[in-house]
Amino acid sequence: MKQVHIRRDPFNKDTWTTASTDDICAYLSEQFTVFPENARIYYEAIAQKNDVTPIDERGIRHLQSLDGEFYVVVYPAYDPITIIYWAVVAITAAFSIYTYMTMPKPPTGIDQSSANNDLGQRQNKTRVGGRIPDIFGLVKAYPDLISPAYRYYENNTEIEEVLMCLGNGHYDVSNFKEGDTSISQIPGMSVSSYDPGMDITTNNPTYRYGEVLNYSPLIAKRSVSIVDRELPQPNTAQAANSTMTFTSPNIINISGTSFTAGAKIILDGAVFGIADAVLSGTTDIDYTNKVLTVATTANITDPQNYKMLEIQVLSAVDPVNGTLNIAGNYPVLNIVKSGSFVYEIYLDTPEKVNQNWLLLTEDNSASMSSVLTKNTANIDLDGEYTISSVETDKIILSAPDATNPDWLKINGTIGGEWVVLYGSTDNWQGWYEAYGEYDSIIVNFYAPQGLYYIGKKGWKGAINVVVAVEYQQINDNGIPIGLSILQQATMYGWSGGGMTEPIGISMKHEFPFTGNVRYRVRKVTVILNNGNTNVHNVTCRSVFLCSKLNKLSYEDVTIIRAKTVNNDVASGVRERMLNCMASRKLPLNGTGALTTTRSAAQALIYLALDKRNGRRNLSEVDVAQILAEEQKLVSYFNNPKAAEFSYTFDDSNLSFEEIAGMVTSSCFCEPTRFGSKLRMKFEKPQSNAVLLFNHRNKVPKSEKRTYSFGVSKDYDGVEIEYTSPVDDARETYSIPEDGSARNPLSIKTTGIRTIEQAKTRAWREWNKLIYQRVSCTFDGLDESSLLARNDAILVADNTVMKTQDGEVESVDGLILTLSQAVDVASGSSIYLQLYDGSVDIIGCQAGEFPNHLILNRAPLLPLVVDHDRYAKTTYQIVSTVNTRKDMFLLTEMTPQSKMTNSLTCVNYDSRYYEKDHSFF
């Protein structure tokens, strides 16, 4: 049993309640519709170390496992201690991830990154579920495919069209290329760019090269069922005899035929076992249930064993569509025999065999002449097969059991009856099924060697070949629900010297419906030998199922359309590698006019205000401070390149804190927050400290100092990877520059696209490795929450007894009364923490009493000594030769409690920045 004390207002006992429960989580769910964010759960006693408020599933399980008393305290929303605590947590979270903010994100197992960030083999690709690229600065951009590219032929020339997304927002685009080839060197190529909200069929795009693409593009899906498949021509060869035999698993034993490998072949009469049964008589046609009911005088034994009905004669007279011939060879599901030889024959989807079934509108009655075949007790080898190879005395079929499983029944060799063997003139390839909201089809036929013949005496002539495509609407189960439509076209062979050149045509057809479809293709023309050498190989190169694009404008993204003519230049680019130089346009200062910029500060302001990223409002972004800090770094380096940021954000898992860190780190800055406002802090040489820490604002015994006498991890150099401004390739700058380092610190940057930034960053990192000699960790009191990473701070060495530090008790002119007795040697100085967040260094001398000290000059600001003040002025006394010894750089801060933070810092050395002006 658990006892739960709820303090809804810790200052008002009237709101306190106590109850017993077996399930604390269930009880709290009853008491609070939503558990308050400012509430904490304590176990046994109200103390921070007893806080058991769960933050994840593991915490909930731990809470459930405890027995005893629980205290639920709902703190006031304005509680300053709570506010400071959560502010510190948020700030420290940013500090803790800074070390990898500047690194590219590791792969997640799914390739969803933009091609802009790929290290090699960049190409246009579809990124289903990927983040729309956010490009900043200037990058070499590879737009993402909105849909797969589709191809077709016009005037015997292959053309490819693509619809792509460049990225969020507005851009200046230039220098378009396919791979490394300028589009100006590719004849017939056209490219257009459209700003957000612009109609992509307009005659006046933002950028255009070549043809005006003012028609609606297609969304096309390439079929994987039929790719570069050679189409066989109708086969007219025949053979018939009673000596033909069949050997398992795929051999026809016969000599002297004219069949060829790859052709289709039809077996007729190769049935061994129970004879076929003739079935004729008056027949009732149930068009709804696909049942034929036949009354006859024939007594057929076990009719249910016959699985094929070959109808020679059967016509129905429909009141709407007239006389319909529904003869054909139909698969049978079942046959039920009853009465005086009445047979109910259940057909299996007869509309797939004869589409006239789709035209029947009511039941019919007519005379039928038919034969029942394919008895399950037979070995029935009849059917259409593909020839694998032809030898002198045999024909070897390609996997005939896949078409007719009766081949598996053969044990050895069978035959000796009259069998007819002939080539198939029904050389359709398909049916192939496609499911989706399709409204058109593109079928590309291709003759790679041309279409021509060479006569006996060497003359040449053109061959014309007719090709066909047939398509039909189907439902979700693959059943036809409409009449098929046949389309034909002629491929004309060239005359003259170019007749050996490839020939391609496209058959484009819009469906009279929208939905699922099945289709098939064939080569119609029969090319006779006549003693000539004939070249007439035709392939179905590709099939695209298409639908019209109804969305012709995109409010938030820049769209690219491209049309490529496949010629000797374009065909050298196997994959689509359309790229351009893209420069982002941003609203200056968050609200100004769109302007092309590479400014890291402008990128930070935009991202902070963007509804997809920072989601801040203007009152939460200190625009003036960010711009002023940018100006400081430009003035310091005397070069605007130092403030540039060029990168493509494509990872949907990046937090805004990570994004802000990546942007600012490229220009030697840190993202910070002052109150609720986002700011930016430039890391540069610092002559003064921000805060002074001594034994008065440190947690006792928390300080630890570590001294090193070599380079961390024995690094002997630095390698920094950045993006080349010349070709956007990833380049490496090394220290030493001859690349002799064997154990270098490797840094992969994001957003750096200038050699000046890369070299300066590398030397800063190297100098920090060389000159870092002391690291210090301690727990600071709550004023430490005001710090940001890379702030300079003074840390009195409280690990030794001789350190002289404390608080100023009172001020009398230049005489200070200190909290401790001090020994002021000649030439000593005193550090004084001022209330504006700075530290004053003043020479001093001993006073009249041991705890008195006389300043050589007045402090820069009045000292805080009143007893009612929360924090008095702190001090530290040092000798003149050691005035810089206790100056450190903050590298990491982690909250320990609501009032303390754990600080990690390293010694400050101005030599960290000695190469700052060597490259700019």
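Predicted model: local features only at pLDDT ≥ 70, side-chain atom pairs only at ≥ 80, totals over all residues.

Trainee: How is empty space found?

Mentor: Rolling a probe the size of a water molecule over the atoms shows where empty space is left. In this structure, a search of the whole finds four cavities of 30 Å³ or more.

Trainee: What volume does the largest cavity have?

Mentor: About 50 Å³. Its lining includes Ser-147, Tyr-150, Glu-161, Leu-163, Pro-217 and Arg-561.

Trainee: Which element gives the largest share of that lining?

Mentor: Strand β9 does, with three residues. Both β9 (157-168) and β42 (557-565) supply at least two residues each.

Trainee: What about the second largest cavity?

Mentor: The second largest cavity has a volume of about 40 Å³. Here the lining splits into five nonpolar, two polar and three charged residues. β9 and β42 each give two or more residues to this lining. β9 gives the most, with three.

Trainee: Which residues should I look for there?

Mentor: Among them are Asn-124, Glu-178, Met-189, Arg-576 and Leu-578. Val-162 and Ala-562 line the second largest cavity, and both also line the largest one.

Trainee: Now the surface. Which residues form the nonpolar patch?

Mentor: Leu-333, Val-336 and Tyr-346. Together they have about 240 Å² of accessible area.

Conventions: Residues numbered from 1 in each chain as written. Heavy atoms only, no water. Patch = residues over 30% accessible without salt bridge, like charges linked within 9 Å, V, L, I, M, F, W, Y side chains within 5 Å. Areas by Shrake-Rupley, 256 points an atom, 1.4 Å probe, with all protein chains shown as cover. Salt bridge = Lys/Arg side-chain N within 4 Å of Asp/Glu carboxyl O. 1 Å grid on protein atoms, 1.4 Å probe; cavity = no way out; pocket = protein on both sides within 12 Å on 5 of 7 lines; lining within 4 Å. Points joined across faces, edges and corners; volume = space filled by probe spheres on them. Helix = DSSP H or I, 4+ residues; strand = E, 2+ residues; numbered from the N terminus. Nonpolar A, V, L, I, M, F, W, Y, C, P; charged D, E, K, R; others polar.
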